Amino acid sequence: MLALDAIGWRGSLSHPGNGDRIALSSLAGRHVIVRSGPDETERGWSATIPPEAWTDTAPITIEPDAGLRGTNVMVEIPVEERVGLKEAVAAAARDLPVWVYLHARWKNRP
């Protein structure tokens, strides 16, 4: 994630069986925060990716983060691009083997 393309994320998108990976490519150019932790009692981490980091003109800030189980990907989406978002997330998440939430509401049942 630090180099975004140096680890080959573009190539991994086209291979089947990558359902256990998070593809950040569709978020390129947006302000994104990724938070991850093993459980609520152990320390995790948080990575803040500003829009400029996608073109290697700004750093990605990685900090310790506590109290989180699992991985959250938060992205700023302009209001005009939110039309149909709830329905699209629910449809995309329907068959995923992980829990998917949008605005703190469960969208599927793994």
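## Salt bridges

A salt bridge is a side-chain nitrogen of Lys or Arg within 4 Å of a carboxyl oxygen of Asp or Glu. By this rule the model, which is predicted, has two salt bridges. One joins the side chains of Glu-81 and Arg-30 (2.5 Å, N to O). Glu-81 lies in the loop between strand 4 and helix 2 (85-93), and Arg-30 in the loop between helix 1 (9-13) and strand 1, 51 residues apart.

The other joins the side chains of Arg-35 and Asp-65 (2.6 Å, N to O). Arg-35 belongs to strand 1 and Asp-65 to strand 3, 30 residues apart. Asp-65 is buried, at 16% relative accessibility. Buried means under 20% relative accessible area, exposed over 50%, partly exposed in between (1.4 Å probe, protein chains only).

Four strands form an open antiparallel sheet in the order 3-2-1-4. Strand 3 (61-65) and strand 4 (70-75) stand at the edges with a single partner strand each, so one side of each has no neighbour in the sheet. Strands are DSSP runs (E, at least two residues), as are helices (H or I, at least four), numbered from the N terminus. Two strands pair if DSSP finds at least two bridges between them. Strand 1 and strand 2 (residues 44-49) pair over five bridges. Val-34 has Ala-47 of strand 2 as its bridge partner.

## Basis of the values

Residues are numbered from 1 along each chain as its sequence is written, and side-chain values use heavy atoms, without hydrogens and water. Local features need pLDDT of at least 70, side-chain atom pairs count only at pLDDT 80 or more, and totals for chains, interfaces and linings use all residues.
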